Amino acid sequence: TTERTLVLVKPDGVTRGLTGQVLARIEAKGYRLAELRLVHPEQELLERHYEEHRGKPFFAPLVEFMRSGPVVAAVVEGDRVIEGFRSLAGTTEPTTAAPGTIRGDLGRDWGGTVQQNIVHGSDSPESAEREIGIWFG
Ligand code: CMP
């Protein structure tokens, strides 16, 4: 099944110069970049993007972290790309994410309240369409 997903290279990834490596992994896997832009996201956009985490202890620090630098947003297309990109990204926590994954190979834990884990990928077709609407209108 051909799907679309929203991928974000978060400020830690962009600032550390890892955007190219992230995009290279996506393309090497055979997925296609359908949309791509560099964004300085507003508070309100991020609060909508992360609305399911509203009320959690890491919500405010997460939004603040996401405003700490530019974000690269992409719509990525491919067969089962939603599950496939999450597999490429690895699990949330960089320390324990498997080697071979983006987070496992490139991620760092900084000891803060937020996992600065380089990338975001939508977790379902419904989330993907919602998030693509938020970032690409
Ligand atoms: P992301 O895939 O963008 O979705 C929500 C983000 O919140 C997640 O990546 C992490 O950056 C962060 N996050 C999720 N769970 C936790 C947690 N338990 N503690 C801190 N940050 C978290």
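Leu-62 is in contact with Tyr-50, His-53 and Val-114 when residues up to four places away in sequence are not counted; two residues are in contact if their C-beta atoms, placed from the backbone, lie within 7 Å. The structure is a predicted model, in which local features need pLDDT of at least 70 and side-chain atom pairs count only at pLDDT 80 or more, while totals for chains, interfaces and linings use all residues. Residues are numbered from 1 along each chain as its sequence is written.

Leu-62 belongs to helix α4, which spans residues 59-66. Helices (H or I, at least four residues) and strands (E, at least two) are DSSP runs, numbered from the N terminus. Leu-62 is buried because 21 other C-beta atoms lie within 10 Å; the term buried applies at 20 or more other C-beta atoms within 10 Å of a residue's own, exposed at 12 or fewer, and partly exposed in between, with C-beta atoms placed from the backbone. The C-alpha atoms of Leu-62 and Ser-87 are 22 Å apart, and the two residues are separated by 25 positions along the chain.

In an unreviewed entry, UniProt lists His-120 under "active site". The UniProt positions are given in the numbering used here, feature names are shortened, and annotations may be inferred rather than shown by experiment. His-120 lies in strand β4 (residues 119-121) and is buried, with 22 other C-beta atoms within 10 Å. Beyond its neighbours within four places in sequence, His-120 is in contact with Val-7, Leu-8 and Lys-10.

Under "binding site", the unreviewed UniProt entry lists residues including Lys-10 and Thr-92. Lys-10 is situated in the loop between β1 and α1 (11-15) and is buried, with 24 other C-beta atoms within 10 Å. Thr-92, in the loop between α5 and α6, counts as exposed because it has 11 C-beta neighbours inside 10 Å. Leaving aside neighbours within four places in sequence, Thr-92 is in contact with Gln-115 and Asn-117.
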